Structure formats: structure tokens, C-alpha cells
Amino acid sequence: HEERIRAFCLYLERPITGAGLATWLALLASMRGAELLRVKGLLNVEGRPVVVHAVQSVIHEPEELPSWPDAERRSRLVFITRGLERDRIERTLAALEFDSGGLTARGAFDPRAYERFLALVRNFR
């Protein structure tokens, strides 16, 4: 194998948000897709078990399982990367807790939520 290929696992203790998962997957694929050979995981999304799978910039739709396969409730992710170190991925994990803040009465996104989003994007560079 090429010496720049890395494989590692990450565990998250707290549940993540649905908005955070969508944001994180989209940013990860668009900004780091070329370096992601594979991502697989079982995530605790607001208490529900959700399976994720991505290959480079191709993200398969997350799938909610009917029940947890075991007593473990931590989110777990497996990465195989090329030239992308573990610490770079770890810096992006805050996006998984992203809360969009909902919509305003006029249907526009909350400016504070957008500022939080921009702060998250900086971690993907």
C-alpha cells in the first residue's frame, strides 16, 4: 500500500444532530472528497441509529436502522484516507453538532446559524 494511506476509527460519546450530519457529510465530500477513500459508520443521530457510507465525494444516503444492533450507543466511524491525517478529520467533528437554528418567519435562514456554519467550514480547510 501507498505510505500516505491511513485507516483509523473515531468514536463520539454524544448524539449528533440530523442537520449536523447533513452538513458534515456535504462539507467532507466537497472539501476533502479526493482524500477520502472510504467512510463507514454507525451514528447516534438524536438517539436513532443511522448508517453512513461514502467513497470519495460520493455519499450514499444515510439509512436509519429499525433498532440498535447492540447496547453501544456511541457513534463510530471508520476512515480510509489518502494524505488526510486523523487530526484533520477530528477538527471537522464539531459540524456533527450543528443546529441550523430553523427558519425565520419569512423562510430565510437565521443569520446567526449562517455564521455558525461559516465557522464550521473553516475547520475543513
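Student: Is Gly33 buried or exposed?

Tutor: A residue counts as buried when its relative accessible area is under 20%. In this predicted model, Gly33 has 5% relative accessibility and therefore counts as buried.

Student: Where in the chain does Gly33 lie, and which residues does Gly33 touch beyond those up to four places away in sequence?

Tutor: Gly33 sits in the loop between α1 (18–32) and β2. With residues up to four places away in sequence set aside, Gly33 touches Leu28, Gln56 and Ser57. The C-alpha atoms of Gly33 and Val55 are separated by 7.7 Å, although these two residues are 22 residues apart along the chain.

Student: What share of the protein counts as buried?

Tutor: Of its 125 residues, 35% count as buried, while the accessible surface comes to about 7,500 Å², of which 53% belongs to carbon and sulfur atoms.

Student: Which pattern does the protein follow along the sequence, and how do I read the pairing of its strands?

Tutor: The three helices and five strands follow the pattern β-α-β-β-β-β-α-α when read along the sequence. Two strands pair if at least two bridges are found between them. Here β1 (residues 5–12) and β5 (residues 75–82) pair in the antiparallel sense over eight bridges, and the bridge partner of Arg6 in β5 is Thr81. Strand β2 (residues 36–45) also runs antiparallel to β5, joined to that strand by six bridges, with Ile80 of β5 as the bridge partner of Arg38.

Conventions. Residues are numbered from 1 along each chain as its sequence is written. This is a predicted model: local features need pLDDT of at least 70, side-chain atom pairs count only at pLDDT 80 or more; totals for chains, interfaces and linings use all residues. Side-chain values use heavy atoms; hydrogens and water are left out. Helices (H or I, at least four residues) and strands (E, at least two) are DSSP runs, numbered from the N terminus. Buried means under 20% relative accessible area, exposed over 50%, partly exposed in between (1.4 Å probe, protein chains only). Accessible areas come from the Shrake-Rupley method with a 1.4 Å probe; for residues, only the protein chains shown count as cover. Contact means heavy atoms within 4.5 Å.
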